[in-house]
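Please open the model in a viewer and keep the selection tool at hand.

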Amino acid sequence: MKISNTDIIISAAWKDQWPEDKTPEFAFAGRSNVGKSSLINMLTNRTKLARTASRPGKTRIINFYDIDGKIKFVDLPGYGFARVSKAEKNKWSKMIETYLSEREILLQVLLLVDLRHQPTSDDIMMFDWIKEMGFNGIVIATKADKVKKSVLPKNINRIKKTLNMTEDDFLLPISSTKKIGKYKFWDMINQLLEVNGFEQRFERQ
Ligand code: GTP
Ligand code: MG
């Protein structure tokens with residue numbers, strides 16, 4: 001069955017507001033404007049489930065989405081957004097850090113980076129942390145539609161090298177506007193569910 005029910009459960013900042021149901025969660029992390037919210041919409045065949053914007057800093061709180069009662073997608077506020085106060089930046093990082101380190105039902109953190117650019121020091125820190133925490137090293141390289149086929153291998157290698165990715169890590173180029181990489185993404189979700197002992201599966205969307 002294709003996904004038929006997706007809905008926002010809650011926009012929550014702190015632990016006391018996180019949803020209590022126990023479906024496994026997949027968190028989308030990455031710089032502001034990299035395309036986290038757009039990707040959630042593309043994957044769920046929706047246009048306005050997660051709010052997106054041409055300007056960075058759209059998602060300012062943690063959004064939990066229910067995907068057919070089977071799993072949750074968690075849209076995190078982006079980091080590296082210059083035009084906010086230091087106090088707000090600290091609040092965001094504390095919010096993200098608390099979620100990532102204390103959420104027990106978190107199955108995988110997906111790091112999104114822009115396929116056009118070299119990952120930043122924040123991206124490197126996030127990827128190192130993901131691996132230190134024992135998650136798989138999975139990088140989703142966004143905006144693939146903006147990269148010419150001829151430079152694709154070079155850009156992929158630059159990302160892999162900068163993030164110090166190993167043979168065991170996985171990089172998936174994706175485009176939300178052109179729907180590139182959608183099948184592979186859902187195959188990956190199924191695989192992660194399987195290796196972690198969950199029985200629910202998704203059809204290719
Ligand atoms: P924050 O909420 O600020 O953290 O940003 P975000 O990571 O959620 O980014 P968002 O999905 O809001 O997208 C930012 C901008 O990038 C929007 O203008 C999107 O239309 C654009 N965008 C996202 N994905 C793609 C893509 O695959 N291709 C292209 N060309 N543009 C994209
Ligand atoms: Mg967003």
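Predicted model: local features only at pLDDT ≥ 70, side-chain atom pairs only at ≥ 80, totals over all residues.

The lining of the second largest pocket comprises nine nonpolar, four polar and three charged residues. Please select Y79, S93, I96, M125 and M126, which lie nearest the centre of the second largest pocket among the 16 residues that line it. Two elements, α2 (86-102) and α3 (121-132), each give two or more residues to this lining. Colour α2 next: with seven residues, α2 gives the most to the lining of the second largest pocket. The volume of the second largest pocket is about 450 Å³.

The next stop is the largest pocket. About 540 Å³ of space lies within the largest pocket. Its lining has 32 residues, and those to select are G35, S37, S38, T52 and K143, the closest to the centre of the largest pocket. By class, the lining of the largest pocket divides into 17 polar, ten charged and five nonpolar residues. Which helix gives the most to the lining of the largest pocket? It is helix α1, residues 36-43, with five residues. Please highlight helix α1 before moving on.

- Select G35: a polar backbone atom of G35 is 2.9 Å from an oxygen atom of ligand 1.
- Select K36: an N or O atom in the side chain of K36 is 2.7 Å from an oxygen atom of ligand 1.
- Select S176: a polar backbone atom of S176 is 2.7 Å from an oxygen atom of ligand 1.

Finally, show the surface of ligand 1 together with the protein. How much of the area that ligand 1 exposes when taken alone does the protein bury? Taken alone, ligand 1 exposes 660 Å², and the protein buries 87% of that area.

Definitions and conventions. Residues numbered from 1 in each chain as written. Chains lettered and ligands numbered in written order. Heavy atoms only, no water. Polar contact = N/O pair within 3.5 Å; in protein donor to acceptor, adjacent residues only side chain to side chain. Areas by Shrake-Rupley, 256 points an atom, 1.4 Å probe, with all protein chains shown as cover. 1 Å grid on protein atoms, 1.4 Å probe; cavity = no way out; pocket = protein on both sides within 12 Å on 5 of 7 lines; lining within 4 Å. Points joined across faces, edges and corners; volume = space filled by probe spheres on them. Helix = DSSP H or I, 4+ residues; strand = E, 2+ residues; numbered from the N terminus. Nonpolar A, V, L, I, M, F, W, Y, C, P; charged D, E, K, R; others polar.
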